[in-house]
Amino acid sequence: MAHQIQVDGKVRRGKTGEWNVFTITPKTDFDNALGNIVVAFDGVSKPKLEFEYETQKVIVKYWPELPGEYKLEITKGGYDIPGSPFKCVISACNKPEPEKIRVFGDGFTKAKQSTGNIVTVDVTEAHFAGKSLKAYMSGKTFPMRKYGKPDIYLSEDKPGEHTVKFVPKFAGTYKLFLEFGDIKVPGSPFTINVEDPAAPDKVENWPVRQKPKKVLFSTPKAQQVSIVVTPCQ
């Protein structure tokens, strides 16, 4: 009963670099109303799709990477619903909005030494499609020069949601820099206090390079010694 299905939302227009949303609902309540529904795009790229199922409603999110004209086909049981296939025009959103970047995670408040600490950078509403995240850390000079900077691993688990995992070798105070090209993430650099799990109350336990101590030696003054020579008897 594909003719009993209707859609509402962004099925004819969307933007790159963000989630575009439409909903699928039945016009009337009937058995298996939302079963066997298929959503497919045909165009210059294959948008990523996510589905959320609610009572008598399916929320569809799609994330296109490239602008252009797409064909959006929605079928139920192999039959097109009314209006399908839709002509969906995707326009480029070239103006980044860094103020909409969200940065959060336990890595800010519960960072531990020798542990993978996680910070999430969410740009789903900031229009940063196609821009790569750059992350690096700085800290006290001597330990980082001798023992190396914290290891940092970057991944994009979901479109627009970046994961920063850093593994500091020592406890202490660090600065975390986050950038997209030449655009700094608002709030960067972030101050992060890394604790030693063995001594959680001690924030800093950097190895300290001791300066050589000056040791003063006193040289005894020359003494006059009288030698008496006794002739042999």
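1. Burial and surface. Of the 233 residues in this protein, 36% are buried. The model is a predicted one.

2. Overall make-up. The secondary structure comes to 2 helices and 17 strands. Now look at contacts between residues at least 6 apart in sequence. Of these, 61% join residues at least 24 apart.

3. An open sheet. Start with the sheet built from 4 strands, in the order β1-β3-β6-β5. The sheet is open, and the pairing is antiparallel. β1 (5–9) and β5 (48–54) stand at the edges. Each of these two has a single partner strand, so one side of each is left without a neighbour in the sheet. On average, neighbouring strands of this sheet are turned by 20 degrees against each other, direction ignored.

4. Pairing inside that sheet. Trace β6 (residues 57–63) next. Strand β3 (residues 20–26) is joined to β6 by 5 bridges, and the two run antiparallel. V21 stands opposite K61 in β6. β5 is joined to β6 by 7 bridges, again antiparallel. Here F51 has V60 in β6 as its bridge partner. The hairpin of β5 and β6 has 2 residues between the strands. In this hairpin, Q56 takes a positive phi near 55 degrees.

5. Y62 lies in strand β6. Is Y62 buried or exposed? Y62 counts as buried, because its relative accessibility is 0% and the cut-off for buried is under 20%. Y62 and P159 are 97 residues apart along the chain, yet their C-alpha atoms are separated by 9.9 Å.

6. T16, a buried loop residue. T16 sits in the loop between β2 (13–15) and β3. T16 is buried, with a relative accessible area of 6%. Which residues does T16 touch, not counting those up to four places away in sequence? They are P64, E65, L66, P67, I90, S91, A92 and C93.

7. The largest nonpolar core. This core has 21 residues. I101, V121, V123, V164, L176, L178 and F180 touch the most other members. The elements giving two or more residues to this core are β11, β12 (133–138), β14, β15 and β17. Which element gives the most? β15 does, with 4 residues.

8. L178 up close. Pick L178 and leave aside its neighbours within four places in sequence. L178 is then in contact with V103, V121, L133, K134, A135, V164, K184, V185, S188 and F190.

9. A second core. There is also a separate core of 18 residues. Among its members are I5, V11, F22 and V58.

10. Salt bridges. How many salt bridges does the structure hold? There are 8. Side chains of opposite charge can pair when their charged atoms come close. One of the pairs is K100 with E97, at 3.3 Å from N to O. K100 counts as partly exposed, at 37% relative accessibility.

11. The side chains of K112 and E195 meet in a salt bridge, at 3.0 Å from N to O. K112 lies in the loop between α1 (106–109) and β11 (117–122). E195 lies in the segment after β17 (190–194). The pair therefore ties together parts that are 83 residues apart in sequence. K112 is partly exposed, with a relative accessible area of 26%. E195 is partly exposed too, at 25%.

12. One more pair. D151 forms a salt bridge with K169, and their closest N and O atoms are 3.9 Å apart. The cut-off is within 4 Å, so this pair counts. D151 lies in strand β13 (residues 151–158). K169 lies in the loop between β14 (161–167) and β15 (172–180). The pair thus ties together parts that are 18 residues apart in sequence. D151 is partly exposed, at 36% relative accessibility. K169 is partly exposed as well, with a relative accessible area of 32%.

Notes. Residues are numbered from 1 along each chain as its sequence is written. This is a predicted model: local features need pLDDT of at least 70, side-chain atom pairs count only at pLDDT 80 or more; totals for chains, interfaces and linings use all residues. Side-chain values use heavy atoms; hydrogens and water are left out. Two strands pair if DSSP finds at least two bridges between them. Axes are lines fitted to C-alpha atoms, for helices over the stretch in contact, and angles run from 0 to 180 degrees between N-to-C directions. Buried means under 20% relative accessible area, exposed over 50%, partly exposed in between (1.4 Å probe, protein chains only). A nonpolar core is a set of buried Ala, Val, Leu, Ile, Met, Phe, Trp, Tyr and Cys residues joined through side-chain atoms within 4.5 Å. Contact means heavy atoms within 4.5 Å.
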